[in-house]
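Open the model in your viewer and keep the selection tool at hand. The tour goes stop by stop.

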Amino acid sequence: MDTPTPVLTIDGPSGSGKGTISRIVAQRLGWHYLDSGALYRAVGVAAGWADLDLDDAGALVRCTFDTTIGFREGEAGDLRVLVNGHDATDELRTETAGAAASAIAAIPEVRAALKDRQRAFRQPPGLVADGRDMGTVIFPDAAHKVFLTASAEERAERRYKQLKDKGVSVTIDGLLREILARDARDASRAVAPLRPADDAVRIDTTGLGIDDVVARVLDVVSRPAG
Ligand code: C5P
């Protein structure tokens, strides 16, 4: 029997460092990278462009099917996301897009519509998949699973620094409130709620530097699967 393409899933709440860590680990391993949150954010942004009501599940499901989402490498070697052919990378990172994504992600038909698009990223020599339900729903058979956490205060602080560096004006208190609201919605939804897979290795990144977390994740990958 053919050996399936290996997958490392990295799940966790917003601001736990998943994106940064996943990108570095994928680069070190020479594996592909799936930012699954970008797909939900892309649909959120497309819904905003079309002026859709976030309570209109039917329209949002149609929008999911109609939205084309592409990834390409930017000139600076960064990952750019194209929504319906437009570079929406910067718009995708805003809290408005995150909140829209979180509302849309609670609709079961939207999640189902994005399932195959996510699984298509599983290509040799391997895939690092970052999200909320990578280890539980999308790649339950993944050889390696990690669940990253960090205190809500530290996550708000990290997001604050990121946004400040980009010149966006926000307050830590406001970010903390948004993060807690999004966590609560992601953890309490009926379909694919945010929770660690039973076989995931949990890593609390509070107080840890990026290099420490990367080393711990690579250590998980180096262990025999299963
Ligand atoms: O990870 P990121 O913050 O970009 O995700 C944005 C939102 O998309 C999350 O708050 C969550 O509601 C949703 N999401 C999801 N399942 C995933 C990835 C993201 O429900 N696998």
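Is Arg132 buried or exposed? Select it: Arg132 counts as buried, because its relative accessibility is 13%. Buried here means under 20% relative accessible area, exposed over 50%, and partly exposed in between, with a 1.4 Å probe and protein chains only.

Before moving on, note that this is a predicted model, where local features need pLDDT of at least 70, side-chain atom pairs count only at pLDDT 80 or more, and totals for chains, interfaces and linings use all residues. Residues are numbered from 1 along each chain as its sequence is written, and side-chain values use heavy atoms, with hydrogens and water left out.

**Stop 1: around Asp186**

Asp186 forms a salt bridge with Arg132, with the closest N and O atoms 3.4 Å apart. A salt bridge is a side-chain nitrogen of Lys or Arg within 4 Å of a carboxyl oxygen of Asp or Glu. Asp186 lies in helix α9 (residues 172–188) and Arg132 in the loop between β6 and α7 (134–138), so the pair ties together parts 54 residues apart in sequence. Helices (H or I, at least four residues) and strands (E, at least two) are DSSP runs, numbered from the N terminus.

Now show Arg189. Arg189 also forms a salt bridge with Asp186, at 3.5 Å between the closest N and O atoms. Both Arg189 and Asp186 are buried; the relative accessible area of Asp186 is 5%.

**Stop 2: Asp130 and Lys18**

Select this pair next. Asp130 and Lys18 form a salt bridge, their closest N and O atoms being 3.7 Å apart. The pair links distant parts of the chain: Asp130 sits in strand β6 (residues 127–131) and Lys18 in helix α1 (residues 18–29), 112 residues apart. Asp130 counts as buried at 3% relative accessibility, and Lys18 counts as buried at 9%.

**Stop 3: a network**

Select Arg72, Asp78, Arg80 and Asp87. A network of salt bridges links these residues. The whole structure holds 13 salt bridges.

**Stop 4: the sheet**

Switch to cartoon view. Which strands form the open sheet, and in what order? Five strands do, in the order β2-β6-β1-β7-β8, with parallel pairing. Two strands pair if DSSP finds at least two bridges between them. The edge strands are β2 (32–35) and β8 (201–204), each pairing on one side only.

Zoom in on β1 (residues 7–11) and β7 (residues 144–149): four bridges join these parallel strands. Pick Asp11 to finish; its bridge partner in β7 is Phe147.
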